[in-house]
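Let's take a friendly walk through this fold, sheet by sheet, and then stop at a few individual residues.

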Amino acid sequence: MNRLILKYATPITVVILAVFAWVVYSRIASGSGILVLAVTAVIVWVLGTAAFIWFWPRMIVGGFKRAILARGLGGGPIPVNTLYAEPSSSSSSASTGSLLATGTDDVLYVGGWLDLSAGPQVLHVPEMAGRYYSVQLTDPTTSANFAYVGTRTTGTAAGEFAIAARGWRGDVPPGMPLITAPGRGALLIGRVFVADEADQPAAYALAQQLSLSPL
């Protein structure tokens, strides 16, 4: 449903505006109910805007969650707190469909759903030896990315990063960075650079080493 809304956003918007314009014109032509229509329009606009701001991020990220847990990134369902690495490009030109199909051919995607209700999880990152990679963590209530692990933020050395829900009280091992999530769930999407077809096996081997485990 989310993909359909995004794909046909423009024609849907045009149809809605056309219907609204027709209703306004009909009211003006008949000379009745203009004040009621104006008040109703303002109320609908205010409530609709608030509802959109509240529900749209949850719809988008919630759609990713359902898709990941039900069918994964194209390789089958991905259990919570498990990462799956795609073995090939997820571009829109790829031969196989993917939840993360984009217009780029130079990254391999890693995805999963983080559930912190039972306690913190540890993100394990292999030695990337200078290769670009990133792992983003997205808040399902706002669709905002609240943390990044990767080349630009933490470097390319091997490491472990604890991820805990806000309000968690506990200790992490010395030297292990702690990432605090706004809630108990998060969408996790990783990207590993692949230079060309010959580089793909090496990139995939590294992508597979991105993993989660309980603290």
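In what order do the 4 strands of the open sheet with mixed pairing stand? The order is S7-S6-S3-S9. Please keep in mind as you read that this is a predicted model.

## The mixed sheet

At the edges of this sheet you will find S7 and strand S9 (211-214), each of which pairs on one side only. Averaged over the sheet, and with direction ignored, neighbouring strands are turned by 30° against each other.

Start at the S7 end. Strand S6 (residues 159-165) runs parallel to S7, and 4 bridges join the two. Within this pair, Ala164 has Thr180 of S7 opposite. Strand S7 itself spans residues 178-181 and shows two faces: Ile179 and Ala181 are on the covered one, while Leu178 and Thr180 are on the uncovered one. Thr180, the residue opposite Ala164, therefore belongs to the uncovered face, given that a residue counts as buried under 20% relative accessible area and as exposed over 50%.

At the other end, strand S3 (residues 121-125) pairs with S9 in the antiparallel sense, over 4 bridges. Here His124 stands opposite Ser211 in S9.

## The antiparallel sheet

A further open sheet is built from 5 strands with antiparallel pairing, in the order S1-S2-S8-S4-S5. S1 and strand S5 (145-150) each have a single partner strand, so one side of each lacks a neighbour in the sheet.

Further in, strand S2 (residues 107-115) and strand S8 (residues 185-193) are paired antiparallel by 9 bridges. Gly111 has Ile189 in S8 as its bridge partner. Helix H4 (residues 200-208) packs on this sheet and touches S1, S2 and S8. The direction of H4 makes about 10° with that of S2.

How many salt bridges does the structure hold? There is 1. Asp199 forms a salt bridge with Arg131, and their closest N and O atoms are 2.7 Å apart. Asp199 sits in the loop between S8 and H4, whereas Arg131 sits in the loop between S3 and S4, so the pair ties together parts that are 68 residues apart in sequence. Are these two residues buried or exposed? Both Asp199 and Arg131 are buried.

## A buried aspartate without a salt bridge

Asp139 is found in the loop between S4 and S5. It is buried yet has no salt bridge. The nearest side chain of opposite charge belongs to Arg166, 7.0 Å away, and a salt bridge needs the nitrogen and the carboxyl oxygen to be within 4 Å. What the side chain of Asp139 does make is a polar contact with the side chain of Thr141, at 2.9 Å.

## Two positive phi values

Asn81 lies in the loop between helix H3 (34-71) and strand S1 (84-85). Its phi is near 60°, a positive value in a residue other than glycine. Asn81 is buried, with a relative accessible area of 18%.

Ala129 is placed in the loop between S3 and strand S4 (133-138). Although not a glycine, Ala129 has a positive phi of about 50°. With a relative accessibility of 67%, Ala129 counts as exposed.

Notes. Residues are numbered from 1 along each chain as its sequence is written. This is a predicted model: local features need pLDDT of at least 70, side-chain atom pairs count only at pLDDT 80 or more; totals for chains, interfaces and linings use all residues. Side-chain values use heavy atoms; hydrogens and water are left out. Buried means under 20% relative accessible area, exposed over 50%, partly exposed in between (1.4 Å probe, protein chains only). Two strands pair if DSSP finds at least two bridges between them. Axes are lines fitted to C-alpha atoms, for helices over the stretch in contact, and angles run from 0 to 180 degrees between N-to-C directions. Contact means heavy atoms within 4.5 Å. Lys and Arg count as positive and Asp and Glu as negative; His and the chain ends are not counted. A polar contact is a pair of N or O atoms within 3.5 Å; within protein, one must be able to donate a hydrogen and the other to accept it, and residues adjacent in sequence count only if both atoms are side-chain atoms.
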